[in-house]
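The stops below are given in the order in which to select them.

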Amino acid sequence: MKEEKPQHLHLHHQHQRKIIAAKKLTRPAGYILLLLLSYALGYLSAPSSSSVQSPATGTASIATADAAAEESDLGHFRVARRCAAPIPSTLIRQTILDRVFNGTSPFDSFPPPQVAHLLRPKRIKGWGSTGAVFENLIRRVKPRTIIEVGTFLGASAIHMAEVASRLGLKTQILCVDDFRGWPGFRDRFKDIAMINGDIMLLYQFMQNIIHVNASDSVLPVPFSTASTLDKLCELGVLGDLIEVDAGHDFNSAWSDINRAYRILRPGGVLFGHDYFTSADNKGVRRAVNLFARLNNLRVQLDGQHWVLDSA
């Protein structure tokens, strides 16, 4: 028995060395195993490519992946209401007077006494309002009805009225605008008065129209662009030439372009300003390009203006 003790101790020490070696080997192996397990779990939890909705399901296909992603978010901006049968151009002005102004002209007995002293005889201001695109398109289209979406103080409407008159055209121009400006616009236009929160922008626009003797050919429709364009569609009021120049963010421009295109007469032209701005491809240009792709139209440029020809 005394001779077996050293052998037992030798076996014990050998077993201890194996355990220590195994521990040294197990630690890095455990780390590697943990990393592999984490990677596998991450891979399995990631969304597969098959879960991304294809643009081909229910909507038109767009060439780039970015455009396809944009399209999937635009459904709630689309409009589906059918327009009424188009009414003759000769009836459009009276239709607006009857349905919007209770059969009277807003220019009758203008200005009202309570605001007369707040108006300037003429305060015409715009951006790109006398560009060559206006005369180019009016000469080509010879419009009976022009619808301007976004008017402000009427600079471009006045210019279009002058061009149409000079060309011998009997053109009616509807100016769609809520005439509220935008938050902070009076920082730049302090001379436009405000009474109890009511901005005198509509009144100054009307004063400008009277100043140039254009009240028979230019008519304001002083409501939001979306609701007004939908109402014109409902009334069957279509335009031969429609300018979209209201909100310059993508959502506003996209809404206005879609609604305006529905009330464009066959062969008419849709156009607008601010294709090149600091917003680059995040505002008007993005909306115009996307709309053109979805409707197989070609974007033409005339200075700072974009043009979509339906012909």
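**Ground rules.** This is a predicted model, in which local features need pLDDT of at least 70 and side-chain atom pairs count only at pLDDT 80 or more, while totals for chains, interfaces and linings use all residues. Residues are numbered from 1 along each chain as its sequence is written, and side-chain values use heavy atoms, with hydrogens and water left out.

**Whole chain.** Start with a cartoon view: the protein has 10 helices and nine strands. Both are DSSP runs numbered from the N terminus, helices being H or I with at least four residues and strands E with at least two. Of the 311 residues, 41% are buried; buried means under 20% relative accessible area, exposed over 50%, and partly exposed in between, with a 1.4 Å probe and protein chains only. The accessible surface is about 17,700 Å², and carbon and sulfur atoms hold 55% of that area (Shrake-Rupley method, 1.4 Å probe; for residues, only the protein chains shown count as cover). Among contacts (heavy atoms within 4.5 Å) with a separation of 6 or more, 79% join residues 24 or more positions apart.

**Helix 3.** Select residues 92-100. The buried residues of helix 3 are Ile 92, Arg 93, Thr 95, Ile 96 and Leu 97. Their cover includes strand 1 (145-149), strand 2 (172-176), strand 5 (218-221), helix 8 (225-235) and strand 7 (264-272). Asn 102, which follows helix 3, has a positive phi near 55°.

Now step back to Pro 88, in the loop between helix 2 (65-72) and helix 3. Pro 88 is partly exposed, at 44% relative accessibility. Draw a C-alpha to C-alpha distance from Pro 88 to Leu 238: these residues are 150 apart in sequence and 9.0 Å apart in space.

The peptide bond joining Phe 110 and Pro 111 is cis, with omega about 0°.

**Helix 8.** Select Leu 229, which lies in helix 8. Leu 229 is buried, with a relative accessible area of 0%. Leaving out residues up to four places away in sequence, Leu 229 touches Val 149, Asp 256, Arg 259, Ala 260 and Ile 263.

**Helices 9 and 10.** Show residues 250-262 and 284-294 together. How do the axes of helix 9 and helix 10 cross? They come within 8 Å and cross at roughly 40°, so helix 9 is oblique to helix 10. Axes are lines fitted to C-alpha atoms, for helices over the stretch in contact, with angles from 0 to 180 degrees between N-to-C directions; under 35 degrees counts as roughly parallel, over 145 as roughly antiparallel, 65 to 115 as roughly perpendicular and the rest as oblique.

The contact includes Phe 250, Trp 254 and Tyr 261 of helix 9 and Val 288, Phe 291 and Leu 294 of helix 10. Helix 10 is largely enclosed by the rest of the structure, because eight of its 11 residues are buried.

**Last stops.** Asn 296 follows helix 10 and has a positive phi near 55°. Asn 296 is exposed, at 73% relative accessibility. Finish at Phe 179, in the loop between strand 2 and strand 3 (194-195). Phe 179 also has a positive phi near 55°, but is buried, with a relative accessible area of 2%.
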